[in-house]
Amino acid sequence: MRKETAFLAMLTIAALSGCRRERLQESFVAIDNGLIVNALDETQSIVNQEAGNHGFAGLSNGSGEVFRTAADCPEVTFSAPIGTFPNTMTIDFGTGCTGYYGVERSGKIIATFTGPYPEAGTVITTTTEDYYVNGNLVEGTRTVTNMGTNDAGNIWFTVVTEGGHVHLSSGEDIYANINHEREWIEGAGGLPVWDDVYLISGTESGTNRFGIDFTATITDPLRRELDCRWPTSGTRVISTADHPDREIDFGDGECDNIATVTVDGDSFEIELPL
């Protein structure tokens, strides 16, 4: 099984044969889809974590600021007293600090809540301002709506991201719009936030760094654990105009950045960006 890494690919792309270059592009369709979707999903994880850190919007971490790795990272302010809605939370990473999974961030995440997170009908709108993750600019407007409980008795949300954009530090651009549903399957009691688990279904569409348009459908719900940067299981199928569909398998529950891509019965591993 061949392992393709984003770093190795960027060093060797100019010298690749046609077959090798095609495999690289197959890898980057999957890598770029995962990169932009994960970067935008992660903004909501950070919003929930900071809401929990401050006892805001019906969330609590219980044990305190467990996701910070620097005492001053980030600065969090609110537009109204805690318990008052609507209320806008601004998470300001300043000119750069390391926190949340040990990743370097700068700029702001801004989230407006119409009510408590666990309450049916609450809408959370998240935007960014000069927000960089490991040197990559992340932009997009994300709207999360609490739809109440489903037939299984779990709270679920619709998640719509418009204008999703990652400008890579290497100069390329990735774009995506996202339509997801998130089922809150563990941790919905509110204590603590960091053990929350969601199942995600839905679709994405966008353009990768090579200008290749793609659509993606989650075929087996992605399991997202709030204390992990990547899906720990589930599958996504990505389609483009001139290539066969590729299935991305995120594994069997381990928190790591390895996924398996299968194209026409041929499988190989990729490393999702850190």
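This is a predicted model: local features need pLDDT of at least 70, side-chain atom pairs count only at pLDDT 80 or more; totals for chains, interfaces and linings use all residues.
Local features need pLDDT of at least 70 and side-chain atom pairs count only at pLDDT 80 or more, while totals for chains, interfaces and linings use all residues. Residues are numbered from 1 along each chain as its sequence is written, and side-chain values use heavy atoms, with hydrogens and water left out.

**View 1. The β6–β7 hairpin.** Here strand β6 (residues 123-133) runs antiparallel to strand β7 (residues 136-149), and 6 bridges join them. Strands are DSSP runs of E with at least two residues, helices are runs of H or I with at least four, and both are numbered from the N terminus; two strands pair if DSSP finds at least two bridges between them. Look for V133, whose bridge partner in β7 is N136. The hairpin leaves 2 residues between the strands, and N134 in the turn has a positive phi of about 50°.

**View 2. On to the β7–β8 hairpin.** β7 also pairs with strand β8 (residues 155-167), again antiparallel, over 10 bridges.

**View 3. N38 in helix α2.** The helix covers residues 18-53. N38 is buried, at 9% relative accessible area (buried is under 20%, exposed over 50%, partly exposed in between; 1.4 Å probe, protein chains only). Its side chain reaches the backbone oxygen of R229 at 3.2 Å. Setting aside neighbours within four places in sequence, N38 is in contact (heavy atoms within 4.5 Å) with R224, R229 and W230.

Methods. A polar contact is a pair of N or O atoms within 3.5 Å; within protein, one must be able to donate a hydrogen and the other to accept it, and residues adjacent in sequence count only if both atoms are side-chain atoms.
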